[in-house]
Amino acid sequence: MKRKDFIKIMGILGISIPFQPILSFSNNNTSSVGTCSKPIFIIGAGAAGMTAAYLLGQQGANFQVLEASSTYGGRMKINTSFANFPIPLGAEWLHGPVSILSNIVNDSNVSINTVTLGYNPQDTSGYYENNILYIDTIANDFGTFEDRKFINSSWLHFYQTYILPPISQNITYNKQIVSIDYQNDIIILTDQNGATYEAEKVIITVPLKILKNGVINFSTSLPTSKQNAIQNANVWGGIKVFLKFSYKFYPTFLSFPNSETSQGQLYYYDAAYGQNTSSKILGLFAVGQQAAAYQALTGNALKDYILAELDQIFAGAASIHYISHTVQNWSTEPFIESAYLADVENWTIPYQLKQAVNNKLFFAGEAYNDNDWGAVHNAAEAAQIAVGDCLNSLPTDIVVSATCIDLLPERNPNKFRICGDFTNYTIQIIYTNGSQYQNLSNQSSPIIINTNNLPSSPMFLKIQNTNNLGPKLIQRLKY
Ligand SMILES: Cc1cc2nc3c(=O)[nH]c(=O)nc-3n(C[C@H](O)[C@H](O)[C@H](O)COP(=O)(O)OP(=O)(O)OC[C@H]3O[C@@H](n4cnc5c(N)ncnc54)[C@H](O)[C@@H]3O)c2cc1C
């Protein structure tokens, strides 16, 4: 069984793996990362890149994002002119509960106003086979249907509203990274114009197809296991077409015998579902082999092919009511060149893809998550993990283990970084008289203390074993 199948079955059984924010620092001024001599660079400003940047920003880290295209969002791209609501050209549905959104924001003080809508199980679902159109309900055809539509909004709007504002100044556009030299402590990135950037760490979030196509040259070969995963991964191409009609002659979903196969997927669906609009917009979603017939055509030839297909199913209604259409072919989209990692891929592939290299290169994105892949929230989760790993790999002042506390040479007199297994320890910042200023015990590793943000009196760090076993450390933080 593939891990993805396993998770799906757990979902059916009502056992879900929580999408847990791994960064549980309080987002206040007492913690700050920033002692790196060079920034952490993030390559790509899609869902994963923006999430990584946002989380690093929450921790006060020194980071920069380099994006090849002229805008952010990647596969969350939308069209705002085709209808009076945003048309999602890539990511469209929230594949799961709305709590996914607050998990991405990772800040309980932020209330999220993005509106999404689940499907009514009694809505119509069409199935076309052997020249016959069968109409049933979504409940009967799909069973439990978790997907939710964004209403007058989109995945991109959610990122624009909640994730982008604090990081927008740190994104530089039209910078396509073509080489990464990670032989030395300082990592050198080179863009398409030969400009170089010095990085302490790098989080790579480019689509897997970009690595497959060898767009980025690595100074030292990536580990064989990762190279094999990159080469062997099955990345689907994909296309979406939206057609505007004067009359709604189609059901909420329309599927075929080949709608879900190991080779790809194909659906027509009511793209205006739940929107406050009178527009009748039918979406076509095709990935993998099922996309090939549509991708082989462009312009009027593609339109005529789709209308002929629909006319056959709906007794000529499509051609009569056709107004206009718009196409997004992801396989030819610059800097993306693909849809996503095949649903049927074996979990060992994203497992290898997500592995960090030499504690310098970290990987995040929809394809770099072995829990599940192919969706925005998978890309965001991969970014959370990569950011945690990246922060953990930064130099440390104090290491706590079950048996000892190691004090390492200070890297920066104003910052303290504590790493390790805090399970059996209380960690406090105390005044000279021993009274507590702040209890850090519930925070996860690493804890970063910015001494500039402490009160203007001598302050100490106290780390003590909760069972009064092992070592106790009292370290002066500031004079
Ligand atoms: C047709 C289609 C339908 C989908 N439907 C859904 C859906 O309904 N729900 C859902 O959750 N997900 C859906 N997805 C998947 C979702 O869009 C992706 O999983 C997610 O957006 C990927 O985010 P990412 O950050 O991994 O990659 P991307 O969004 O691709 O971001 C990568 C970024 O890296 C940039 N880049 C590339 N090369 C370089 C370079 N050399 N240097 C610098 N920058 C570079 C790119 O320009 C891009 O901005 C769909 C995808 C497609 C294609």
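I began with the ligand shell: domain 1 (1-72 + 164-237 + 338-394) and domain 2 (79-92 + 117-149 + 239-332) each give it at least three residues. I note that the model is predicted.

I looked up which residues come nearest to the ligand. Of the 41 around it, they are Gly44, Gly46, Gly74, Gly365 and Glu366. I sorted the shell by type and got 23 nonpolar, 13 polar and 5 charged residues. Helix 2 (47-58), strand 17 (238-245) and helix 12 supply at least two shell residues each.

I then followed helix 2. Its 12 residues span 16 Å from first C-alpha to last, close to the 16 Å expected at 1.5 Å a residue. Of those 12 residues, 11 are buried, so helix 2 is largely enclosed by the rest of the structure. The buried ones include Ala48, Ala52, Tyr54 and Gln58. I checked what covers them: strand 1 (40-43), strand 14 (201-204) and helix 12 are among the elements. Just after helix 2, Gly60 has a positive phi of about 75°.

Next, the core. The largest nonpolar core has 105 residues, and Ala52, Val202, Ile203, Ala364, Ala383 and Ala386 have the most contacts inside it. Helix 12 (residues 376-392) gives this core its largest share, 10 residues. Domains 1 and 2 each contribute at least three residues to this core.

Beyond its neighbours within four places in sequence, Ala364 contacts residues including Ala48, Ala52, Ile203, Ala383 and Ala386.

Last, I found a second, separate core of 15 residues, with Phe416, Ile447, Ile448 and Ile449 among them.

Notes. Residues are numbered from 1 along each chain as its sequence is written. This is a predicted model: local features need pLDDT of at least 70, side-chain atom pairs count only at pLDDT 80 or more; totals for chains, interfaces and linings use all residues. A nonpolar core is a set of buried Ala, Val, Leu, Ile, Met, Phe, Trp, Tyr and Cys residues joined through C-beta atoms within 7 Å. A residue is buried if 20 or more other C-beta atoms lie within 10 Å of its own, exposed if 12 or fewer, and partly exposed in between; C-beta atoms are placed from the backbone. Helices (H or I, at least four residues) and strands (E, at least two) are DSSP runs, numbered from the N terminus. Domain bounds come from an automatic or database domain assignment. Two residues are in contact if their C-beta atoms, placed from the backbone, lie within 7 Å. A residue is near a molecule or strand if its C-beta atom, placed from the backbone, lies within 6 Å of it. Ala, Val, Leu, Ile, Met, Phe, Trp, Tyr, Cys and Pro count as nonpolar, Asp, Glu, Lys and Arg as charged, and the others, Gly among them, as polar. The expected span of a helix is 1.5 Å times one less than its number of residues.
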